[in-house]
Amino acid sequence: MPQHTRPRPICGHCDGFPTVTITTGTRTPDGQRQTITANCPACRGTGHTTPAARAHSRIGA
């Protein structure tokens with residue numbers, strides 16, 4: 001019997017697009033564009049967030 005896992009929430013900072021390639025504006029010696037890769041700092045390039053740990057509060061002594 002298959003077990004179904006709940007989908008992890010999509011990162012709110014990058015909306016599920018965690019890695020982007022940015023053109024620097026210069027060209028390499030063979031004529032291609034020079035690019036750099038940037039990852040979302042919030043999800044570290046996964047596109048998903050981990051559910052926040054719930055804070056437990058204790059009532060009473």
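In which strand is Val20 found?

Tutor: The model before us is a predicted one. In this model, Val20 is found in strand E1, which covers residues 19-27. The residue is partly exposed, for its relative accessible area is 39%. Val20 also belongs to a nonpolar patch on the surface, which it forms with Ile22 and Ile36. Together, these three residues have about 230 Å² of accessible area.

With a relative accessible area of 68%, His13 counts as exposed. Leaving aside residues up to four places away in sequence, His13 touches Cys40 and Ala42. His13 and Thr49 are 36 residues apart in sequence, and their C-alpha atoms are 9.7 Å apart in space.

The cysteines deserve a careful step of reasoning. A disulfide requires a pair of cysteine sulfur atoms within 2.5 Å. For Cys11, the closest cysteine sulfur is that of Cys14, at 3.7 Å, which is too far for a bond. For Cys43, the closest cysteine sulfur lies in Cys40, at 3.8 Å, and this is again too far for a bond. By this rule, the count of disulfides is zero.

Terms used
Residues numbered from 1 in each chain as written. Predicted model: local features only at pLDDT ≥ 70, side-chain atom pairs only at ≥ 80, totals over all residues. Heavy atoms only, no water. Patch = residues over 30% accessible without salt bridge, like charges linked within 9 Å, V, L, I, M, F, W, Y side chains within 5 Å. Areas by Shrake-Rupley, 256 points an atom, 1.4 Å probe, with all protein chains shown as cover. Salt bridge = Lys/Arg side-chain N within 4 Å of Asp/Glu carboxyl O. Helix = DSSP H or I, 4+ residues; strand = E, 2+ residues; numbered from the N terminus. Buried < 20%, exposed > 50% of the residue type's maximum accessible area, 1.4 Å probe, protein only. Contact = heavy atoms within 4.5 Å.
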